[in-house]
There are 2 protein chains.
Amino acid sequence: MQYPLPIARLIESYMKLPGIGEKTATRLAFYTLDMPQEDVSDFSKSLMQVKSDLHACSICGNITESDPCEICRNPERDQSTIMVVEQPKDVMAFEEMGEYNGLYHVLGGVLSPMDGVGPEEINIKSLITRLQKNDDVKEIILALNSTPEGESTAMYISKLIKPAGIKVSRLAAGLAVGSDIEYANAITLKRAVQGRTTL
Amino acid sequence: MQYPLPIARLIESYMKLPGIGEKTATRLAFYTLDMPQEDVSDFSKSLMQVKSDLHACSICGNITESDPCEICRNPERDQSTIMVVEQPKDVMAFEEMGEYNGLYHVLGGVLSPMDGVGPEEINIKSLITRLQKNDDVKEIILALNSTPEGESTAMYISKLIKPAGIKVSRLAAGLAVGSDIEYANAITLKRAVQGRTTL
């Protein structure tokens, strides 16, 4: 005997999430069965909306409901500095820190030849185009994770941009090697921004 | 700055699941954003269907798509034995074991005066009605978790049923005290069924 089809399907869906195996998925599915109808409807709707209502900002690549995004649209942000990050989550981490008032550029990943991720697969071209169109930019802060891929992506971008005479900096040591920006606390991030070094 | 509304809503929904805090919910929400459209649609649909397509069997109280459920409808199951369990998941555990061919009765919980769960809140009345309507039943196996609540629920049901001259048994020791039937392996369950003792 198998689980009734609707619950088997839900278990399968939960198992597609990272770090959730069959036992946990089963527990979550049965828990869902006992949740209030309204919570489950909201959950179901929010899943659909996250895919339908969120898009990449045509300027910086961050996720947004409106294009261009809130940060790119905001004239009070410092237009002379662009911080290059890997993921939308990294933008949120810096925004929560509250000390940075410039713009962002979200790569959507890092160079990783082993995984078939070359310069065409991440938003590097759009960054170059952005710099060519806009003379105001004085500094690029490379805020990539301190992984081997993050480091080599930083070097690659640095070499592309430096000939144009724009200052390129990267975050100071302060981030533990191998750790994720996403999980760093605000003070660690603040120190990393303050102590950024010129490449 | 906050997360865009669709992602904030999805994070909130994930946080309603057991054992998922804000950091994990955020990670799951961003992961969902990168999942194939089809997988997210399936996930969304299966959430709705699990609430709309599954009901309690009017005879045994187990979850089912059709009423009565597959087990209650099956004439090849031994109609003389009813195993009383707490949750639909427990039925699945015994069905996976494959050694039991009788019927089930799903209480949907255990007596717990501290949490306001009395005899009216779980399917005890329907079990008594079932026994009154059906003279074929010769034995009731109480397969409740070996928690204080499970034990006292077993005693309560046993006292109700014994005057009717029906044999009442409970699972043998073999289940570790404090553990859940749901997570026991098939051999442990098999031993517990074989060694059941008369109350």
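**Domains.** I looked up the distance between the centres of domain 1 and domain 2 of chain A: 34 Å, taken over C-alpha atoms. Domain 1 covers 5-53 and domain 2 covers 69-198. These bounds come from an automatic or database domain assignment.

**Ground rules.** I note that this is a predicted model, where local features need pLDDT of at least 70 and side-chain atom pairs count only at pLDDT 80 or more, while totals for chains, interfaces and linings use all residues. Residues are numbered from 1 along each chain as its sequence is written, chains are lettered from A and ligands numbered from 1 in the order in which they are written, and side-chain values use heavy atoms, leaving out hydrogens and water.

**Helix 2 of chain A.** I checked residues 22-34, which make up this helix of 13 residues. Helices are DSSP runs (H or I, at least four residues) and strands are E runs of at least two, numbered from the N terminus. From first C-alpha to last, helix 2 of chain A reaches 19 Å, close to the 18 Å expected at 1.5 Å a residue. That expected span is 1.5 Å times one less than the number of residues.

Next I listed buried residues (under 20% relative accessible area, 1.4 Å probe, protein chains only). In helix 2 of chain A they include A:Leu28, A:Phe30 and A:Leu33. The buried residues of this helix pack against helix 1 and helix 3 of chain A, and against helix 3, strand 2 and helix 5 of chain B. Contact means heavy atoms within 4.5 Å.

**Cysteines.** I searched all chains for disulfides (cysteine sulfur atoms within 2.5 Å) and found zero. For B:Cys57, the nearest cysteine sulfur is that of B:Cys60, 3.8 Å away. For B:Cys69, that of B:Cys72 is nearest, at 3.7 Å. B:Cys69 is buried, at 4% relative accessibility.

Methods
Buried < 20%, exposed > 50% of the residue type's maximum accessible area, 1.4 Å probe, protein only.
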